Amino acid sequence: MYQIGDWIYYGNVGACQVTGIRKMKIPGMEQEHLYYTLQPFEDSCSISTPADTGKVFMRPLISKDEAEKLISAIPDIDAQAYHNPVLRQLSEHYEAVLNTHDCRKLVQMTMSIYLKKQEAIRSKRKLGAVDERFMKKAEDLLYGELAVALGIEKKQVPDYIAARLEDGKA
């Protein structure tokens, strides 16, 4: 069970802080259930979710040490552009990666889509809308978690990663 103040990864929302824990009785249900109130990172809304749900994925955020190790591993992550002319299948492929809720896989996905973008630029084309949408979603999830773990703002994460890789500290 999480405590007030804990940072968790919630579903496809990403980094959220537990801001409240309360018992609620839902109409039509006999028992009270424990609910978390979550505050998404850099968002003003709040989310109320059952603490005992198995329907929405929840896990603790990675630690600062784990974030640093992930960044250090970036040069060794094998990324290959995924091509599929069937947009539904392309979307399903990216959704499957997002649904792993794994930071390393999110890095791999963003790197893969970046490779596709570079290929498109070389061919004087634009990256497809599906690729753009999923790259933005993966970056949002990844950068939010890394920002909390590293204690920096989300917008600083790309520069932080670039500086670490450039300095050879990765």
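## A walk through the predicted chain

Histidine 101 is buried, at 9% relative accessible area. Buried here means under 20% relative accessible area, exposed means over 50%, and partly exposed falls in between, with a 1.4 Å probe and protein chains only. Histidine 101 sits in the loop between α2 and α3. Its phi is positive, about 55°, although the residue is not a glycine.

This is a predicted model, in which local features need pLDDT of at least 70 and side-chain atom pairs count only at pLDDT 80 or more, while totals for chains, interfaces and linings use all residues. Residues are numbered from 1 along each chain as its sequence is written, and side-chain values use heavy atoms, with hydrogens and water left out.

Now the overall layout. The chain has five helices and five strands. Both are DSSP runs numbered from the N terminus: helices are H or I with at least four residues, strands are E with at least two. From the N terminus on, the order is β-β-β-β-β-α-α-α-α-α. The C-alpha trace spans about 60 × 40 × 25 Å along its principal axes. Of the 170 residues, 39% count as buried.

Next, the interior. In soluble globular proteins, nonpolar side chains tend to be buried together. A nonpolar core is a set of buried Ala, Val, Leu, Ile, Met, Phe, Trp, Tyr and Cys residues joined through side-chain atoms within 4.5 Å. The largest such core holds 33 residues, and Met109, Leu142 and Leu146 touch the most other members. At least two residues of this core come from each of α1 (64-73), α2 (87-98), α3 (103-122), α4 (129-150) and α5 (157-166). The largest share, eleven residues, belongs to α4.

Take leucine 146. Leaving aside neighbours within four places in sequence, leucine 146 is in contact (heavy atoms within 4.5 Å) with Ile62, Ala67, Leu70, Val157 and Ile161. Another core lies apart from the largest one. This other core has nine residues, among them Tyr2, Ile8, Tyr10 and Val18.

Contacts can also be sorted by sequence distance. Among those with a separation of 6 or more, 55% join residues 24 or more positions apart.

One more loop deserves a look. Glutamate 42 is found between β3 (32-40) and β4 (47-50). Its phi is near 55°, a positive value in a residue other than glycine. Is glutamate 42 buried or exposed? At 53% relative accessibility, glutamate 42 counts as exposed. Histidine 101, by contrast, is buried.
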